[in-house]
Amino acid sequence: MDSLAFRPPMAERTQACESKVMQETRDLFWMGEALRLARRGEGLTRPNPPVGAIVVRSNVAAGRGYHRKAGGPHAEVYALRQAGSQARGGTLYVTLEPCCTWGRTPPCTDAILAAGIRRVVVATRDPNPRHAGRGLAVLRRAGLRVDTGVREEEARDLIAPFAVWIRRRRPMVTLKLAASLDGGIADATGRSKWISGESSRREAHDLRRRSDAIMVGAGTVLADDPSLLPRPARGRCPFRIVVDARGHVSPEARVFRGREEGGTLVATTRRCSASRCAAYAMAGAEVVVLPGSGGGVSLPALFRHLGRAGILRVMVEGGGTLAESLFRAGLVDEMVLFLAPLVIGGQGVRSVGGRGWLLRRAPRLRLVEERRCGDDVMLRYLAWR
């Protein structure tokens, strides 16, 4: 008689445990691949989040897809189309809960059911309270096995800008700083090129590509005359935003060039003359006149405006005055600091300006990532909320 038919209970439990571990390992691997796909869409999908999806049959990828732009097919649809008949009976890995309502495209849950998918593995639920869990419920009611929470922390980090936009109706703010060991971002002459090394600058351009808009204050434009464009662009066209309450920036500045690569917005107040506003408009910029605050532009008003425009993530590159204003307004969600191994000392320009805080009231952040970039160290912090 075949002894395999009479396994003792302990052996059966061991086999079941091993099978579960193998499944969890496969799930982690394939969701990691889906997350890598999703990151291809960062900076391209506003006001939608980046999403990746993979159809797997017999532990082989049958179809892959990621969301490329708002109004276009979602990641699940690309993956299912590529998989074709191989999708039937397969598993779909997707980084965000599939949608179940009509928008500019049909519900992804309909496409999943029509394709004959047997199991759906989701990294994280939709952060929109109106939709969270609805897509999962539709699939479960139809008899599919639905598992959630695989690599959830990574997936939530990926869609953090979308979650901030949904919950607060404004973009997520990433403050990027390159500073010396003693907190300087420029020397006494205002020179800042280059504090950070080449590896850090490559990382900074990657951050630009992942953002919907790049923001600086007037002082940074006057001192450095940056273009604020990512290099290489790789299809990204982030907005360039200049915060200039009085119209000090020249309409000839580089930030107004290359309109085909990304529009420019000047956020100003009534202190900026009508002729200067007209000159910015002639240079191709959108001019937004906002209420003033403390001698500058009201940043809450500016970010509400950007939220209405569907901007999900704003990367702020300086300077110190703008950084201080953002902290005071409670608008810094994330800070990325490239710490260079040099000391400026003296009267160098500080990374965060203004009058400062008493220690007990100082803004505090929590470290979530650290790694080397050449000779520099990259530190990523999130705001405590």
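Modeller: Happy to! Buried residues, meaning those under 20% relative accessible area with a 1.4 Å probe and protein chains only (over 50% is exposed, in between partly exposed), make up 49% of the 385 residues in the chain. This is a predicted model, in which local features need pLDDT of at least 70 and side-chain atom pairs count only at pLDDT 80 or more, while totals for chains, interfaces and linings use all residues. Residues are numbered from 1 along each chain as its sequence is written, and side-chain values use heavy atoms, with hydrogens and water left out.

As for the fold, there are 11 helices and 18 strands; these are DSSP runs numbered from the N terminus, with at least four residues (H or I) for a helix and at least two (E) for a strand. Along the principal axes, the C-alpha atoms fill a box of roughly 90 × 45 × 35 Å. Of the contacts with a separation of 6 or more, 72% join residues 24 or more positions apart, a contact being heavy atoms within 4.5 Å.

Now to your pocket. On a 1 Å grid over the protein atoms alone, a pocket is an open set of points with protein on both sides within 12 Å along at least five of seven lines, whereas a cavity is a set where a 1.4 Å probe fits but cannot get out; lining residues have an atom within 4 Å of a point. The second largest pocket holds about 1200 Å³ of space, where the volume is that filled by probe spheres set on points joined across faces, edges and corners. Its lining counts 38 residues, and nearest the centre lie Arg156, Asp157, Ala160, Arg380 and Leu382. Two or more lining residues come from each of helices H5 (152-158), H6 (160-168) and H7 (198-209), and from each of strands S15 (334-339), S17 (365-373) and S18 (376-383). Helix H5 gives the most, with six residues.

The whole structure has two cavities of 30 Å³ or more, and the largest cavity holds about 100 Å³. Among the residues lining that largest cavity are Leu158, Pro161, Phe162, Arg210 and Asp212.

Alanine 323 counts as buried because its relative accessibility is 0%. Leaving aside residues up to four places away in sequence, alanine 323 touches Leu175, Ser351 and Val352.
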